[in-house]
Amino acid sequence: MRLTFTLIILFLFGPLWAQQTGTIRGTIKDKNTAEMLVGATVQLEGTTIGAASDVNGVYKISNVPVGSYTLKANLIGYQAQLKFNIAVSSGNDQVINFELSE
């Protein structure tokens with residue numbers, strides 16, 4: 001009886017404890033040449049959460065708490081670029097692309 005009650009509670013209220021994070025992903029490229037940039041960093045301003053772009057210029061930041069953020073993309077030799085009011089919602093991917101200028 002107790003196990004049945006516990007399972008019913010988990011089934012009914014489980015979605016309330018479900019995923020409270022989202023993902024931010026995108027590409028980083030050179031504004032003038034459109035060449036994908038390797039090793040550029042993207043960070044959520046005011047946090048330690050971030051990622052670097054791979055050999056295809058693609059980055060992905062997983063498990064971002066739900067909220068609104070400012071993103072900063074940076075690479076040595078390029079001007080940093082900020083994107084404001086990036087809304088992260090539960091379970092969704094937010095696609096944010098950057099074009100950096102030398």
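Biologist: Which residues does Ile 28 touch, not counting residues up to four places away in sequence?

Modeller: This is a predicted model, where local features need pLDDT of at least 70, side-chain atom pairs count only at pLDDT 80 or more, and totals for chains, interfaces and linings use all residues. Residues are numbered from 1 along each chain as its sequence is written, and side-chain values use heavy atoms, with hydrogens and water left out. Contact means heavy atoms within 4.5 Å. On that basis Ile 28 touches Met 36, Leu 37, Ala 40, Val 42, Ser 53, Gly 57, Tyr 59, Phe 98 and Leu 100.

Biologist: Which residues have the most contacts inside the largest nonpolar core?

Modeller: A nonpolar core is a set of buried Ala, Val, Leu, Ile, Met, Phe, Trp, Tyr and Cys residues joined through side-chain atoms within 4.5 Å. Buried means under 20% relative accessible area, exposed over 50%, partly exposed in between (1.4 Å probe, protein chains only). The largest such core has 20 residues, and those with the most contacts inside it are Ile 24, Ile 28, Val 42, Tyr 59, Leu 71 and Phe 98.

Biologist: Which elements give two or more residues to this core?

Modeller: Helices (H or I, at least four residues) and strands (E, at least two) are DSSP runs, numbered from the N terminus. The chain has one helix and eight strands, in the order α-β-β-β-β-β-β-β-β. The contributors of two or more residues are β1 (21-30), β2 (41-44), β4 (58-65), β5 (67-74), β6 (81-88) and β8 (98-100).

Biologist: What share of the 102 residues counts as buried?

Modeller: The cut-off is under 20% relative accessible area. Of the chain's 102 residues, the buried share is 26%.

Biologist: How far apart are the closest N and O atoms of Arg 25 and Asp 93?

Modeller: The two form a salt bridge, meaning a side-chain nitrogen of Lys or Arg within 4 Å of a carboxyl oxygen of Asp or Glu. Arg 25 sits in strand β1 and Asp 93 in strand β7 (residues 93-95), 68 residues apart. Arg 25 is partly exposed at 35% relative accessibility, and Asp 93 is partly exposed at 43%. Their closest N and O atoms are separated by 3.0 Å.

Biologist: Which residue forms a salt bridge with Lys 29?

Modeller: The structure holds two salt bridges. In this one, the closest N and O atoms are 3.8 Å apart. Lys 29 is in strand β1 and its partner in strand β8, so the pair ties together parts 70 residues apart in sequence. Lys 29 is partly exposed at 24% relative accessibility; its partner is Glu 99.
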